[in-house]
Structures are given as structure tokens and as C-alpha cells.
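The sequence and structure come first.

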Amino acid sequence: MMTQATNTFQSRPYPKPQSRLILGDCITILKTLPSQSIDLVVTDPPYLVNYTARDGRKIMGDTCKKWVYPAFQEIARVLKNNAFIVSFYGWHKIQHFMQVWMTLGLSPVGHFACVKKYASKRGFTASHHENAYLLAKGHPRLSSAKAPRSVLEMPYSGNKLHPTQKPVELLSTFIKAYSRPGDTILDPFAGSASTAIAAKSAGRECIAIEKDPQYFALAKQRLQSLLLQG
Ligand SMILES: C[S@@+](CC[C@H](N)C(=O)[O-])C[C@H]1O[C@@H](n2cnc3c(N)ncnc32)[C@H](O)[C@@H]1O
């Protein structure tokens with residue numbers, strides 16, 4: 001497997017992890033990171049729903065749940081004690097995620113409904129929201145004045161770079177609420193690097209990992225153009 005590490009953002013003195021966009025399987029890559037080196041995880045893993053976009057684009061890992069435990073085991077290891085994870089999930093397969101989170105001692109301490117003006121799918125309901133859990137490793141503290149609303153607006157991202165591209169504004173809300181400037185954010189399922197863009201724009205470092213070389217290449221271009229602008 002090819003792994004490319006790109007020092008995409010400004011470097012910080014050792015031992016603060018440097019911002020990187022990494023091509024590879026997050027289970028393998030995370031094993032190379034030190035324990036308790038990450039301040040906040042914001043991630044949007046495959047929902048386990050075999051999603052196919054209207055234009056045919058698909059998502060790796062979206063048909064098989066065997067990665068869920070080893071990936072979150074590593075995520076929990078690299079996260080500092082008393083810190084948060086924000087993880088999107090597909091409501092259809094929540095049992096697989098929740099079982100793993102509870103086994104690993106990641107406690108649900110909040111939940112977000114992210115409301116879309118448009119319906120992304122129509123079945124027995126018109127799908128107007130995405131879900132994310134706020135999970136705690138240990139007992140993080142947060143001033144209630146900083147707590148974001150549990151129902152948030154989710155603007156349309158356009159999905160140009162990735163079929164399930166999350167809007168940067170939404171990810172920024174999580175990053176600003178649950179981390180501080182200079183902190184290191186992890187997104188092990190980076191897609192088009194929306195979390196990294198939000199993190200960088202908010203003055204945080206970000207380690208972003210993406211397995212699909214096609215999305216990795218688009219994410220790399222996106223981050224490079226942000227750097228050129230900044
Ligand atoms: C739901 S998408 C994330 C989209 C992202 N939030 C965005 O705004 O572009 C999940 C991503 O995880 C990637 N992925 C799946 N399994 C992975 C693994 N084991 N390691 C790293 N990335 C993985 C997929 O290729 C996909 O791009």
C-alpha cells in the first residue's frame with residue numbers, strides 16, 4: 001500500500017503533531033501516531049449503506065463493517081483523555097457503531113441533527129437531516145456557554161469533490177466548540193478534507209487520512225489552493 005504524507009500546513013515545534021494529509025488505510029496509519037496526541041476527532045465515516053451517488057460515485061468501506069472496531073480502537077487510543085469525538089453515522093446501521101463505541105468506553109454525551117433544506121433521499125420519509133454523535137473519552141469539561149445547539153443548519157456543500165461532502169461551516173461549529181486554537185484535530189475518514197479546511201481556517205492543526213487515491217488527490221488540491229489563498 002502506498003502511503004504519502006504531505007506536510008500541508010505550517011509546522012509546529014515537536015512534540016505537537018504537524019498537520020498532514022495522508023493517503024492510506026486509517027487503521028494502519030493511526031498505529032503510527034502516538035497515544036493521546038489528538039485533542040479532538042471530527043469525522044464522517046462510511047455509513048455502511050452501500051451508497052451510490054446519482055453520478056455513480058461510491059465510497060470505500062461502505063458495504064462491510066469489519067473496519068469499525070479496529071478503526072475506533074485506534075481513534076480512541078490516539079485521542080487525549082477527557083476529550084471529544086464528533087462522528088457522523090448512518091441511522092440505518094447505528095447498532096454497529098454504538099456497540100463499538102460503548103465497548104471502547106466512548107460515551108455518548110450529545111447528539112446533533114443537522115438539517116438540510118433539500119431531501120437527500122425519499123423513502124418512507126424525505127431525508128432532511130444527517131446525524132452525528134458527540135462522544136466523550138473520559139470526562140471532558142465544557143462551559144455551557146460554549147455548547148452548540150443540538151439542531152444545526154446544514155447548508156448544501158455541492159458535493160463537487162466528494163459524493164457525501166460535508167459543509168465546512170458545519171464542521172467549523174464542532175471544531176470551535178470542542179477544541180482550542182493550536183489544538184490538533186483528527187479526521188481518519190477525510191474524503192475531500194472538509195474537516196481539515198475547517199480546522200485550518202479556525203487556527204487548528206489537522207491530521208487527515210483518506211484511503212481512496214481519487215478523493216485523496218482532490219483533497220490535496222483543495223488544501224493546496226487554501227494555502228495559496230492564505
Ligand atoms: C463519508 S466519506 C467522508 C466525506 C468527507 N466528510 C467530505 O466532506 O468530503 C468517508 C471517506 O472515508 C474513506 N475511507 C473509507 N474507509 C477508510 C479507511 N479504512 N481509511 C481511510 N479512509 C477510509 C472513503 O474513501 C471516504 O472518502
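## Terms and model

Buried means a relative accessible area under 20%, exposed means over 50%, and partly exposed lies in between. The model is predicted. Glu169, found in helix 4 (residues 168–178), has a relative accessible area of 49% and is therefore partly exposed.

## Ligand site

There are 22 residues around the ligand, and Asp44, His162, Ser192, Ser194 and Glu210 come nearest. By class, the shell consists of 9 nonpolar, 7 polar and 6 charged residues.

A polar side-chain atom of Asp44 lies 2.8 Å from a ligand nitrogen, a backbone N or O atom of Cys26 lies 2.9 Å from one, and a side-chain N or O atom of Asp25 is 3.3 Å from one. The ligand taken alone exposes 600 Å², of which the protein buries 98%.

## Salt bridges

Side chains of opposite charge can pair when their charged atoms come close. The whole structure holds 7 salt bridges. One of them joins Asp25 and Lys211, with N to O at 3.2 Å. Asp25 is in the loop between strand 2 (20–23) and helix 1 (26–30), and Lys211 is in the loop between strand 9 (205–210) and helix 6 (213–229), so this pair ties together parts 186 residues apart in sequence. Asp25 is buried at 17% relative accessibility, whereas Lys211 is partly exposed at 46%.

Glu130 and Lys116 form another salt bridge, their closest N and O atoms being 2.5 Å apart. The pair links distant parts of the chain, with Glu130 in strand 6 and Lys116 in the loop between strand 5 and strand 6, 14 residues apart. Glu130 counts as buried at 13% relative accessibility, and Lys116 counts as buried at 3%.

Glu74 and Arg77 lie in helix 2 (residues 68–78), 3 residues apart, about one turn of the helix. Their salt bridge has its closest N and O atoms 2.8 Å apart. Glu74 is buried at 8% relative accessibility, while Arg77 is partly exposed at 26%.

Definitions and conventions:
Residues are numbered from 1 along each chain as its sequence is written. This is a predicted model: local features need pLDDT of at least 70, side-chain atom pairs count only at pLDDT 80 or more; totals for chains, interfaces and linings use all residues. Side-chain values use heavy atoms; hydrogens and water are left out. A residue is near a molecule or strand if one of its heavy atoms lies within 4 Å of it. A polar contact is a pair of N or O atoms within 3.5 Å; within protein, one must be able to donate a hydrogen and the other to accept it, and residues adjacent in sequence count only if both atoms are side-chain atoms. Accessible areas come from the Shrake-Rupley method with a 1.4 Å probe; for residues, only the protein chains shown count as cover. Ala, Val, Leu, Ile, Met, Phe, Trp, Tyr, Cys and Pro count as nonpolar, Asp, Glu, Lys and Arg as charged, and the others, Gly among them, as polar. Helices (H or I, at least four residues) and strands (E, at least two) are DSSP runs, numbered from the N terminus. Buried means under 20% relative accessible area, exposed over 50%, partly exposed in between (1.4 Å probe, protein chains only). A salt bridge is a side-chain nitrogen of Lys or Arg within 4 Å of a carboxyl oxygen of Asp or Glu.
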